[in-house]
Amino acid sequence: PLIGFSYDGPMIYGRYLDVTAPGFSTGLDACGGHEHDDYDYHYHPQIFQATTTSMHKGTAAGKNSPYVTYPAFTPGPSDCWRGDISTDNVFWTKKDDKDLMAICSGTTEYY
């Protein structure tokens, strides 16, 4: 299902929960998206491992380590944008966290 729209334009669809879903076997790129069948380029949430220290509320450190690893997810683009943001004159000034919105792989070429 469609769950949102990214700042750079492409839609964000939900996670794949069934191997028969369209695009299930098409891998995601470095930005967390792909295109397949009749779908234009779009993003999907991704699950990854995150780590925190035991000093954070609600965490219990392991016996031999002060760190806790847990599953986390990003609801859309991950590490970069793939959409053409060159048409948005205020893209970089209207967002708060510019580090999370870096162009995919530092490129100046748009897809």
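Q: If contact means heavy atoms within 4.5 Å, which residues does Ala50 touch, not counting residues up to four places away in sequence?

A: Before we dig in, keep in mind that this is a predicted model. With that cut-off, Ala50 touches Val68, Thr69, Tyr70 and Ala72, once residues up to four places away in sequence are set aside. Ala50 itself belongs to strand β5, residues 46–53.

Q: And which residues does Ala72 contact, leaving aside its neighbours within four places in sequence?

A: Ala72 is in contact with Gln46, Ile47, Phe48 and Ala50, again leaving aside neighbours within four places. You'll find Ala72 in strand β6, residues 67–74. Ala72 and Ala50 sit 22 residues apart in sequence, yet 6.1 Å apart in space, C-alpha to C-alpha.

Q: Let's zoom out. How many helices and strands does the protein have?

A: There are 0 helices and 6 strands. Reading along the sequence, you get the pattern β-β-β-β-β-β. In a regular strand, side chains alternate between the two faces of the sheet.

Q: What share of the residues is buried, and what share of the contacts between residues at least 6 apart joins residues at least 24 apart?

A: Of the 111 residues in the protein, 32% are buried. Of the contacts between residues at least 6 apart in sequence, 44% join residues at least 24 apart.

Q: How do I read strand pairing? Which way do β3 and β4 run?

A: Look for bridges, then check direction. β3 and β4 run antiparallel and are joined by 3 bridges. His36 has Tyr39 in β4 as its bridge partner, while Gly33 has Tyr43 in β4. β2, residues 11–13, is joined to β4 by 2 bridges, and these strands run parallel. There, Ile12 has Tyr43 in β4 as its bridge partner.

Q: What do β3 and β4 form, and what stands out in the turn?

A: They form a hairpin with 2 residues between the strands. The general idea for the backbone is that most residues other than glycine have a negative phi. Asp37 has a positive phi of about 45° although it is not a glycine. Its place is the loop between β3 (33–36) and β4 (39–43). With a relative accessible area of 61%, Asp37 is exposed.

Q: How many aromatic pairs are there?

A: The structure holds 3. For each pair, check the distance between ring centres and the angle between planes; over 60 degrees counts as edge-to-face. One of the pairs is Tyr16 with Phe24: their ring centres are 5.9 Å apart and their planes stand at 80°, so this is an edge-to-face pair. Tyr16 is partly exposed at 22% relative accessibility, and Phe24 is partly exposed at 36%. Another is Tyr41 with Tyr43, whose centres are 5.4 Å apart and whose planes stand at 85°, so they are edge-to-face as well.

Q: Are Tyr41 and Tyr43 buried or exposed?

A: Tyr41 is buried, and so is Tyr43. Remember that Tyr43 is also the bridge partner in β4 of Ile12 and of Gly33.

Q: Last one: which residues make the nonpolar surface patch of about 290 Å²?

A: For a patch like this, you look at nonpolar side chains on residues with over 30% relative accessible area. Here the patch is made by Leu2, Phe5 and Met11. Met11 lies in strand β2 and is partly exposed, with a relative accessible area of 34%.

Conventions: Residues are numbered from 1 along each chain as its sequence is written. This is a predicted model: local features need pLDDT of at least 70, side-chain atom pairs count only at pLDDT 80 or more; totals for chains, interfaces and linings use all residues. Side-chain values use heavy atoms; hydrogens and water are left out. Helices (H or I, at least four residues) and strands (E, at least two) are DSSP runs, numbered from the N terminus. Buried means under 20% relative accessible area, exposed over 50%, partly exposed in between (1.4 Å probe, protein chains only). Rings of Phe, Tyr and Trp (its six-membered ring) pair if their centres lie within 6.5 Å; planes under 30 degrees apart count as stacked, over 60 as edge-to-face and the rest as tilted. Contact means heavy atoms within 4.5 Å. Two strands pair if DSSP finds at least two bridges between them. Patches are made of residues with over 30% relative accessible area and no salt bridge: like charges are joined within 9 Å, nonpolar side chains (Val, Leu, Ile, Met, Phe, Trp, Tyr) within 5 Å. Accessible areas come from the Shrake-Rupley method with a 1.4 Å probe; for residues, only the protein chains shown count as cover. A salt bridge is a side-chain nitrogen of Lys or Arg within 4 Å of a carboxyl oxygen of Asp or Glu.
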